[in-house]
Amino acid sequence: MYMKDMTEKKDLELKQCKQNISNLKREFEKERDQWRSEEKLKEEHIQKLKDMVQKAEKNNEDGEETFEDILREEMRVMKAAFELKMSNLREELAQKSIACSREVRLLKSELESERRTSSSLTSKLKAFEASNESKK
């Protein structure tokens, strides 16, 4: 009976480890995709700003208007970066919430396993005590 409990415990631990590995793989993929999209967005905005600066240098007589365009584009870029950061934080919050839920589920399953183990040990102890009393 003890070996069976230990085997079940080891199987549960193995299952939890496999779940953790698959969760880590998914999180890694999300992080990598997110990083790639952020880098691509940054490169696009940097290139647009460079193009606007070059355009402003070519048009010296209309410098104020191009300067305003540059500032407007810079504000748009900052707004986009802020929105991206906020969406990343929302995603992170959702992931942490899911992770906490998983942890609670795992703890509940461990608690239930320990309860089953303790109840089986209690019943064995009672049976042992009863057999000792009957021998007396």
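Modeller: Start with the term helix: here helices are DSSP runs of H or I with at least four residues, numbered from the N terminus. Keep in mind that this is a predicted model.

Biologist: How many salt bridges does the structure hold?

Modeller: A salt bridge is a side-chain nitrogen of Lys or Arg within 4 Å of a carboxyl oxygen of Asp or Glu. The structure holds three. One of them joins E29 to R32, with the closest N and O atoms 2.4 Å apart.

Biologist: How far apart along helix α1 are E29 and R32?

Modeller: They are three residues apart, so about one helical turn separates them. E29 is partly exposed at 35% relative accessibility, and R32 is partly exposed at 28%.

Biologist: Is E73, the partner of R76, buried or exposed?

Modeller: Buried means under 20% relative accessible area. E73 has 13%, so it counts as buried, whereas R76, at 36%, is partly exposed. Their N to O distance is 2.6 Å, and both lie in helix α2, three residues apart.

Biologist: Where do K96 and E92 lie?

Modeller: Both are in helix α2, four residues apart, about one turn of the helix.

Biologist: Which helix gives the most to the lining of the second largest pocket?

Modeller: That is α1, with eight residues. The pocket holds about 270 Å³ of space. Of its 14 lining residues, Q19, N20, N23, R102 and L106 are the closest to the centre. By class, the lining has four nonpolar, five polar and five charged residues.

How values were computed:
Residues numbered from 1 in each chain as written. Predicted model: local features only at pLDDT ≥ 70, side-chain atom pairs only at ≥ 80, totals over all residues. Heavy atoms only, no water. 1 Å grid on protein atoms, 1.4 Å probe; cavity = no way out; pocket = protein on both sides within 12 Å on 5 of 7 lines; lining within 4 Å. Points joined across faces, edges and corners; volume = space filled by probe spheres on them. Helix = DSSP H or I, 4+ residues; strand = E, 2+ residues; numbered from the N terminus. Nonpolar A, V, L, I, M, F, W, Y, C, P; charged D, E, K, R; others polar. Buried < 20%, exposed > 50% of the residue type's maximum accessible area, 1.4 Å probe, protein only.
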